[in-house]
Structure formats: structure tokens, C-alpha cells
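This report goes through some helix contacts, an RNA-facing surface and a set of paired strands. The sequence and structure are shown first.

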Amino acid sequence: MSEKILPPRGTRDYAPEEMILKNRMFDIIRKVYESFGFVPLETPAFESWELLGAKGSGGEEIKNEIYYFKDKSGRELGLRFDLTAPLSRFVANNPNLVKPFKRYQIGRAWRYDRPQAGRFREFYQADVDIVGSSEPEAEAEVLAAGITALQELKIGEFYIKVNDRRILDALAVKQGLPEERIIEIFRSVDKLEKIGEEGVMQELKEKGFDLKKAKKFLNETNISGTNDKILAKLKKELPKNDAVTKLEKLIFLLEKYKVADKVKLDIKIARGLDYYTGPVFETIAVGNEDLGSIASGGRFDKLIGLYGGTDTPATGFSLGADRIFEIYKRQGKVPKRANSTELIIVNVTEETLDYAIEVSQKLRRQGINAETNLLKRNMKKQLDYANSKGIKYVAIVGENEKAKGTVTLKNMEKNEQKEVKVDDLTSILT
RNA sequence: GCGAGGGUGGUGUAGCUUGGUCUAGCAUUUAUGGUUGUGGCCCGUAAGACCCGGGUUCAAAUCCCGGCCCCCGCCCCA
């Protein structure tokens, strides 16, 4: 045997038994998204480098992770790193879309980073976005759709951390910290849970920030408690702040959607791509914290303008399908056997295979997934095959059945069988 | 880009410390047999592995070096 060729690093195959589950997962997501009136959009897997690499597209880090290549005529291209940039391009290209434009998209994205728990170089995202609204109503809808999907997916307990970048922004400015370096502070502050307050201070010091101011900033961001409590405190700290007002409205709306219990204000988070301009979201699956955020999103009001469109506000939420699938795997939800067959037709002798095929075609046309013997196997082997695939029904056909236009329908689980007419099969099975 | 751990049939593993008894064991898997129109259990047969390259040695799955891959953490992120 020559050396084995494996799928490229960071990619993987989905075997049939996994794919069946994954398809089911997508079906659920699609159904939920459509129930909110989102419509599907599909965009190319690769985009121009001009788009993907644009300053403000995803940020320097993401830019370094883009799969970049040139086509035969020298065009600079890259595989998309998310579905938000392509959406924004689409909107920029189609300025006359009826607003709000509510689209969903389930598709792959690619990033060249180090594979580890829940991280792949090729992964699926399931996005919902609303284009054309700068109101918290849009955030509420997008979150409600995402939360409903996560609930329907039955992944267990989860909660969504919500913040608004402008709040951290305002708090930093209030302390006299440099506004243009705010992202750096965000990043450090974001590590609070991992490296602790001392670690964060150390890092800020190394980066040359004023420690006293940074410390005050850190204290001000360290608000915990119920959403109401946090809002009350923020209103005091930052009176008449637009971000705070809108967050309050957002929470109010989420209560009406009856999903507010899944949302926790957490003004320490600031993660996500560079293009976020307002509210940001990050989802934690309880018991699966090591996977990182299983769904994220936020407002990106500048992106469409960046791609040459008229400035259009937009906000969205993206489910990390592979991470969700990973939870399924941990829950043992992947079936042992892949199987889409409802009925196997077993021919007793080689001479009755023709009849078996005729019957199978009849059944397929009536919506029954049917299989016949492809390996000249004897009856025993065929039953064994049905058994090992976990197929519940078997129709046995021999000379007797062929002559009478019947089959012997056998229930493999109950080990019961009776002779029935071919025409009656469908109604019995459904 | 940086750091830790690991790589034995399709899958899970034994062996590696203390080189030879390993022409690599076990389980599972896949194929097939246990005759005549009936599966699940059982029994038999077959297929299938020491990541790659170099070194040490009379002798390497086992020790050493390099590479590749997997995996975990950092960074970043779905």
C-alpha cells in the first residue's frame, strides 16, 4: 500500500452517519430562520482579495488567515473567512433591495489558523442578518432567531453575552485613555477571566498604557449582576449614552420575545471581528466552554459603505455549525449506522431479482426509500445486511410472491411477517 | 508565529520503561462458510498495522536525531 493521503490539516470528512445528523441540524436552523421571514442567499466561496483584504474587513489577524491565491489570469482572490463580508458586498452591489433585508446563509468559510478544540480551517456558519435598520429591534430579532434555533437544536444550556463596543469606548475615553488604541485595551480586558486582573494590568503596562487610568477603567467595566442592575449602573456612569439606551431597549424587546433569560449583559466582552461597530454577541454552551463561542455576531454599520455601497446599518448573528455539531458528538447523538432506507426487498432466488426491482421502483415512485440486492447474496445474507443496517422492514419475494403479485412483509424488530399485495405496501408502511 | 503531549490494522488497544521470545497479541470491523425460502447469538476461514527518513546495534515497534501528522494551550476566532 502506498502512503495514505489524509484530508488537509484542519479539514475533515463527514461520514454518512454524521452527515445525516448534520443535515438534520441545518434543516432545523433553516426552518427557524424562515419562520422569522429570513430569506436564503448564496454567495461564492471565493471573493476578490480587494474585498477580503480591505482595511476594516476583518482586521489584520484575520487577514493573515485568509487562503489567498491567484487564478490563471493573475486575479488576486481568497476564500471567504466569514459570510458577513460577502453579504455586505451583495448589499453594496444591490442598493435597491427592499429594507429591511433579512437574509440567512448557511455555508462554509475558511481560515488558516491552528486547528484545536472546535477550530477548523474549513467550517460552517449559519448566519442571520438584518440590513437597513439601526434600531435595537433588529438586534432583538436576530438574537431571537438565533436563540430559538439554538433551543430547537437541543444542545443543552447556553447563554449569550451581550455588550456594546461603544460602552467600553466611552468608559475608556472617560478615563482619558487613547480612543484609537481602544481595541488593544479591549483585547487585554477580554482576557480577564483567563489571566486575572493582575495579568491584564501587566499586559496593559507592557503596552504603555497609564496604569492608574487603566485600573479605573477596569474597575468600571467590572460590573456584574442581573441585566437590570448592570443597566442601572451604566445609566449612572454614562448618562444619556446612546449605546446604553439601546441596550436597555434591546433587553426590553428580548423580554417580549421571551428569550431574555438567555441573554446576559457582560460589558467585559469585546471580541469578534474588527468590523463590529455596536452591540456584540458571544455564546457560551454550558459544559462546553472549551469550544469557545458557539455563536457570535454584532452590528457592522460601516462595512457596506466600505465595499462601495451607500452607508447602510446592519446587524447579525452567526451560529458556528461545527462547534454545535461537536456538542452533538459529545452528547452521543451521532447514529451508529447511516441509513436512509425504509425497506429492503429480499429476493429468494436469482430468478426473482427482476420482480424485486420492479417492486422497488413502484415503491420509490410512491415515496418509500427502497433497496434491492446488488451483490447476488443469498437470502440469509440479505437479511443479515438489513439487520446490520438497522432497517426495520424487509419485503421477501420468491416465486410464490412473484406469481401472486405480493410480497412477504417482515418486521425485523418484532419478527413478524405476513403476505401483502404490492399495491397495499405503501399504505401499510406510511 | 510560539509552547506542551502523542503517533501500532478501518476503529479501540497490548507490547515500548529493562532492544532479541513480535514471521506484532486481543477486541471490533469488513468479506465469506456452517447446504435446501428467513437476520440478531454462536463457531470457523480470510483481509487488514508498527507515520516517514536517517542513526546506534549482531539485532529496533521498542533507544537517538530530523521531518510529517494528530492533539492541547497561547495568539486570534465560528
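## Helices H6 and H9

In this predicted model, helix H6 (residues 165-174) and helix H9 (residues 211-221) cross at roughly 140 degrees, and their axes come within 9 Å. The crossing is right-handed.

On the H6 side, the contact is made by Leu-168, Leu-171 and Ala-172; on the H9 side, by Phe-217, Glu-220 and Thr-221. By class, the residues of this contact of H6 with H9 are four nonpolar, one polar and one charged.

## Helices H10 and H11

Helix H10 (residues 227-237) packs with helix H11 (residues 242-256) at an angle of about 160 degrees, the axes being 10 Å apart. Because angles over 145 degrees count as roughly antiparallel, H10 is roughly antiparallel to H11. The crossing of H10 with H11 is left-handed.

H10 contributes Asn-227, Leu-231, Leu-234 and Lys-235, which meet Val-244, Leu-247, Glu-248 and Ile-251 of H11. The contact of H10 with H11 holds five nonpolar, one polar and two charged residues.

Helix H15 gives the most to the surface near RNA strand B, namely seven residues. Sorted by class, the residues of this surface are 15 nonpolar, 16 polar and 21 charged.

Strand S4 (residues 76-79) pairs with strand S2 (residues 46-48) in the antiparallel sense, over three bridges. In this pairing, Ser-48 has Leu-77 of S4 as its bridge partner.

Strand S3 (residues 68-70) is also joined to S4 by three bridges, and the two run antiparallel. Here the bridge partner of Tyr-68 is Gly-78 in S4. S3 and S4 form a hairpin with five residues between the strands, in which Gly-74 takes a positive phi near 85 degrees. As a general point, side chains in a regular strand alternate between the two faces of the sheet.

Terms used:
Residues are numbered from 1 along each chain as its sequence is written. Chains are lettered from A and ligands numbered from 1 in the order in which they are written. This is a predicted model: local features need pLDDT of at least 70, side-chain atom pairs count only at pLDDT 80 or more; totals for chains, interfaces and linings use all residues. Axes are lines fitted to C-alpha atoms, for helices over the stretch in contact, and angles run from 0 to 180 degrees between N-to-C directions. Helices (H or I, at least four residues) and strands (E, at least two) are DSSP runs, numbered from the N terminus. A crossing is left-handed if the near helix is turned anticlockwise from the far one by less than a right angle, and right-handed if clockwise. Two residues are in contact if their C-beta atoms, placed from the backbone, lie within 7 Å. Ala, Val, Leu, Ile, Met, Phe, Trp, Tyr, Cys and Pro count as nonpolar, Asp, Glu, Lys and Arg as charged, and the others, Gly among them, as polar. Two strands pair if DSSP finds at least two bridges between them. Angles under 35 degrees count as roughly parallel, over 145 as roughly antiparallel, 65 to 115 as roughly perpendicular and the rest as oblique.
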